[in-house]
Amino acid sequence: MRVQLPVVLVMALVAGVFTQSPGPVAPLSRAAFAAPAGGDAVSAWNAHAGVAATNACIAPLDDPFHESRMYAMMHLAIHDALNAIDRRFRPYTFDKRAEPGASSDAAVAAAARDVLVPLLGQLPRLPFITQSCVDASVASVEAAYTEALAALPDTPAKAQGIAVGKAAAAAILALRATDGPAGPFLNSNCPQESPPGKYQCTPGFRFIAFEVWGKVTPFVLQDSAQFRPGPPYAVTDKGYTADFNEVKSLGGDGVTTPSTRTADQTEIAYFWWESSPLKWNRIARAVSVNTGFNPWQNARLFGLLNMALADGYVAMSATKNYYSYWRPVTAIRTGETDGNPDTVGDPAWTPLRPTPPNQDYASGHAIQGGAGAEVLKQVFGTDAIGFRDCGVKLPAGSTCADPTPVLRSYTSFSQAATENALSRILIGFHFRKSVEEGTQYGRKIGERAVTNYLQPVL
């Protein structure tokens, strides 16, 4: 079955402003983010955060950097608030004890709300993050908070829970108040010409996006260079030749550029196209309910997951800046001049979707997949857990928000991470070396998070 191409917000710099591609966009409803039946307050606020990120116009595609930081900080506040009430895991930053009997649900709601609202207000006003986006996002958080508190009786326990939640939120906000650059997040000084193998402005863009994110202070890594992989292939290497020809064959749009991609492979490309933090949190929510996790276990799960994902973007940006390797779209369009007789260029080659405006190596999406899969494997105690998931960026009528979404099934977290990495070749964004190294890079970040943070109290 031929997969209909969806329309996405494509950042294109035209006369100094961004424009959106024309046509209908499949709407994202609350159903796309709802916590599974049987979920607790922690899972519910994980879903609320996804709604907030989407309303803020940073998800499902355009700014996973601020999105991942926001999720991590919110879940650390939730984790520390719960463990102030009943110490089961070591706190991240808020090491206090709550009043006896404090309401855990009130604490979760207050911690989440008091992190989300200020962070949403601090989002940079980029062309795709408007004040109306921020206002809608904050309104969704306030509505969820009001609803959560209204469900609780007005007792001292409720007031005590709110107090500890607010204190935990204040602690993580204070810790991260000066954790990185305030911008600029779009660097217009990207190279128009460079030697073969070196990054040039991604076609259609005159800037590099979120290059400064590599300077953000990590949550679990020693620094942004920890676990950095070795260099990408030289353009004369046989490995490069194989990767070049693979993405050239599979990653075309099927309109301007022929592609050997199958219908299922096209579905994979779109299925994993959305924000990684959005998708891996949705996967974690579903598995945690099926596993029967309690709120304290969920607080730890989502805290570890989102710290690893956030650090994945820090490491990605720093590594991309360090190697400054060109994207397949640039390599293929200039293939005749790269000095490699076995790579044949195509000046009109067009990827399935417009390539993001930053460097190729290492793939951030693959890092996210490796980190997410590793955290879930470690926290749930096994890799071999089956699950199904939907996709936010599939064609209209088959998304998570639709009555009959397309669901893909997996027998393990590793299988999902492997398919996630492959999707970036199929969509035309990355070379295989970039996604394979990225997945392993992410696994190391995920392992470090679980091994060193939020440990059980013995």
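Me: How does α1 pass α3, in a right-handed or a left-handed crossing?
Reply: In this predicted model, the crossing of α1 past α3 is right-handed. The term applies when the near helix is turned clockwise from the far one by less than a right angle.

Me: What makes α1 and α3 roughly parallel to each other?
Reply: Helix α1 (residues 41-55) packs against α3 at an angle of about 15°. Angles under 35 degrees count as roughly parallel, and therefore α1 and α3 are given that description. Their axes are 10 Å apart.

Me: Which residues of α1 and α3 meet?
Reply: On the α1 side they are Ala 41, Val 42, Trp 45, Ala 49 and Ala 52. On the α3 side they are Asp 105, Val 108, Ala 109, Ala 112, Leu 116 and Leu 120.

Me: What makes α8 roughly antiparallel to α9?
Reply: The axes of α8 and α9 cross at roughly 160° and come within 11 Å. An angle over 145 degrees counts as roughly antiparallel, so α8 is roughly antiparallel to α9. The crossing of α8 and α9 is right-handed. Among the residues that make the contact are Trp 280 and Arg 285 of α8, and Phe 302 and Leu 305 of α9.

Me: How do you know whether Ser 68 is buried or exposed?
Reply: Ser 68 has a relative accessible area of 1%. Buried means under 20%, so Ser 68 is buried. Ser 68 is found in helix α2 (residues 64-85). Apart from neighbours within four places in sequence, Ser 68 is in contact with Pro 277, Asn 306, Leu 309, Ala 310 and Tyr 313.

Me: Which residues touch the most other members of the largest nonpolar core?
Reply: They are Trp 45, Ile 78, Phe 219 and Met 307, in a core of 136 residues. Helix α9 (residues 295-323) supplies the largest share of this core, 15 residues. Met 307 is in contact with Ala 72, Leu 76, Tyr 92, Phe 219, Val 220, Tyr 453 and Leu 454, leaving aside neighbours within four places in sequence.

Me: Why is the pair of Glu 142 and Arg 113 called a salt bridge?
Reply: The closest N and O atoms of Glu 142 and Arg 113 are 2.7 Å apart. A salt bridge needs a side-chain nitrogen of Lys or Arg within 4 Å of a carboxyl oxygen of Asp or Glu, so Glu 142 and Arg 113 form one. Glu 142 lies in helix α4 (residues 131-150) and Arg 113 in helix α3 (residues 104-121), so the pair ties together parts that are 29 residues apart in sequence. The search of the whole structure finds 20 salt bridges.

Me: What makes Glu 142 count as partly exposed?
Reply: The relative accessibility of Glu 142 is 26%.

Me: Which salt bridges does Arg 282 form, with Glu 274 and with Asp 389, and at what N to O distances?
Reply: For Arg 282 and Glu 274, the closest N and O atoms are 3.0 Å apart. For Arg 282 and Asp 389 the N to O distance is 2.9 Å. Arg 282 lies in helix α8 (residues 276-291) and Asp 389 in strand β3 (residues 387-389), so this pair ties together parts that are 107 residues apart in sequence. Elsewhere, salt bridges that share partners join Arg 113, Asp 114, Glu 142 and Lys 166 into one network.

Me: How do you know whether Arg 282 and Glu 274 are buried or exposed?
Reply: The relative accessible area is 7% for Arg 282 and 1% for Glu 274. Buried means under 20%, so Arg 282 is buried, and Glu 274 counts as buried. Asp 389 is buried as well.

Me: What makes Glu 437 partly exposed?
Reply: Glu 437 has a relative accessible area of 25%. That value lies between the 20% and 50% limits, so Glu 437 is partly exposed. Glu 437 lies in helix α13 (residues 432-452). Beyond neighbours within four places in sequence, Glu 437 is in contact with Pro 229 and Tyr 361. Glu 437 and Pro 229 are 208 residues apart along the chain, with C-alpha atoms separated by 6.7 Å.

How values were computed: Residues numbered from 1 in each chain as written. Predicted model: local features only at pLDDT ≥ 70, side-chain atom pairs only at ≥ 80, totals over all residues. Heavy atoms only, no water. Core = buried A, V, L, I, M, F, W, Y, C linked by side-chain atoms within 4.5 Å. Buried < 20%, exposed > 50% of the residue type's maximum accessible area, 1.4 Å probe, protein only. Helix = DSSP H or I, 4+ residues; strand = E, 2+ residues; numbered from the N terminus. Contact = heavy atoms within 4.5 Å. Axes fitted to C-alpha atoms, helices over the stretch in contact; angles between N-to-C directions. Parallel < 35°, antiparallel > 145°, perpendicular 65-115°, else oblique.
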